[in-house]
Amino acid sequence: VDIPPPARKPARRLTWIWVVPLIALLIGVLLAAQAILAQGPEITLTFAQAEGLEVNKTRIKYKDVDLGIVKSISLSDDHRLVVVTARLDKQAESLMVDGSRFWVVRPRVAAGNISGLGTLLSGAYIAVDPGTSTEKRREFRGLDEVPLVTSDTPGKPFLLVAQDLGSLDISSPVYFRRIQVGRVVSYAMREDGKGVDVRVFIDAPYDKFVVAGSRFWHASGIDFSFDANGASLNTQSLVSLALGGVAFSTPETALNGEEVP
């Protein structure tokens, strides 16, 4: 009796139903690899408070470009500071150097200036002003106040010495020929207690008018005089009346003189 050979089972073929999941899996792997390659450093910031900061929502920005996001918020061991951990993009790695500054941008009203109104809708974010050092750094102390001058602001800082602060404050204007050309950026008592150091920033191109023969004085208040021509009332501006101010003059013979370094 002839015994028929066993029937061969048909070879399994890859059906089209499996193609779509495989393509989706491949795309997922590629996207994950791309995300890992684009991932930058993790940094730690410390602030006095966490007002406006939210995990996985608050962004890190430079020139309004997103550089990263806050991943965690906690208290320091002594409960005096807020510790913020942020994950940055690869493009931000070169900005994380010694001297870089961070601060929280939120709506503020200070010295007659209103800033951060855009955050009313988008929420607060952390801004960065990159330092000029080449030394890498991953831990930073955040600023308590928004800096009035960033590293890319054209102009020059100058240090003034006064007997007292008078009516000056942060953001008080600096005038030259009754035109605002700068602002007060900081002040501090001298170590010997015999005066106050006032640091001002003069915007370019007006900084070239500060030379060795320039003289600075308090511009706040009202100058009232009466002579044969009648009474005269002089003041720099209403802003200087409310906030104080500094004015300086440079003799015309010294305008082509040596600039103050």
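**Group meeting: salt bridges and cores of a predicted model**

Good morning. Lys90, Glu93 and Arg138 are linked in a network of salt bridges, a salt bridge being a side-chain nitrogen of Lys or Arg within 4 Å of a carboxyl oxygen of Asp or Glu. The model is predicted, so local features need pLDDT of at least 70 and side-chain atom pairs count only at pLDDT 80 or more, while totals for chains, interfaces and linings use all residues. Residues are numbered from 1 along each chain as its sequence is written, and side-chain values use heavy atoms, with hydrogens and water left out.

The whole structure holds 11 salt bridges. One of them joins Arg101 to Asp129, with closest N and O atoms 2.8 Å apart. Because Arg101 lies in strand S5 and Asp129 in strand S8, this pair ties together parts that are 28 residues apart in sequence. Strands (E, at least two residues) and helices (H or I, at least four) are DSSP runs, numbered from the N terminus. Asp129 is buried, with a relative accessible area of 5%, whereas Arg101 is partly exposed, at 26%.

A further salt bridge pairs Asp203 with Arg183, the closest N and O atoms being 2.5 Å apart. Asp203 is in strand S13 and Arg183 in strand S12, 20 residues apart.

Which residues of the largest nonpolar core touch the most other members? They are Ile43, Leu45, Phe47, Val84, Met96, Phe102 and Ile126, out of 20 residues in that core. A nonpolar core is a set of buried Ala, Val, Leu, Ile, Met, Phe, Trp, Tyr and Cys residues joined through side-chain atoms within 4.5 Å. Strands S1, S3, S4, S5 and S8 each supply at least two residues of this core, and S4 gives the largest share, four residues. Apart from this core lies another, of 15 residues, including Leu160 and Val196.

Finally, the loop between strands S10 and S11 holds Ser172. Ser172 is buried, at 1% relative accessibility, and its side chain reaches the backbone nitrogen of Asp169 at 2.8 Å. Thank you.

Methods
Buried < 20%, exposed > 50% of the residue type's maximum accessible area, 1.4 Å probe, protein only. Polar contact = N/O pair within 3.5 Å; in protein donor to acceptor, adjacent residues only side chain to side chain.
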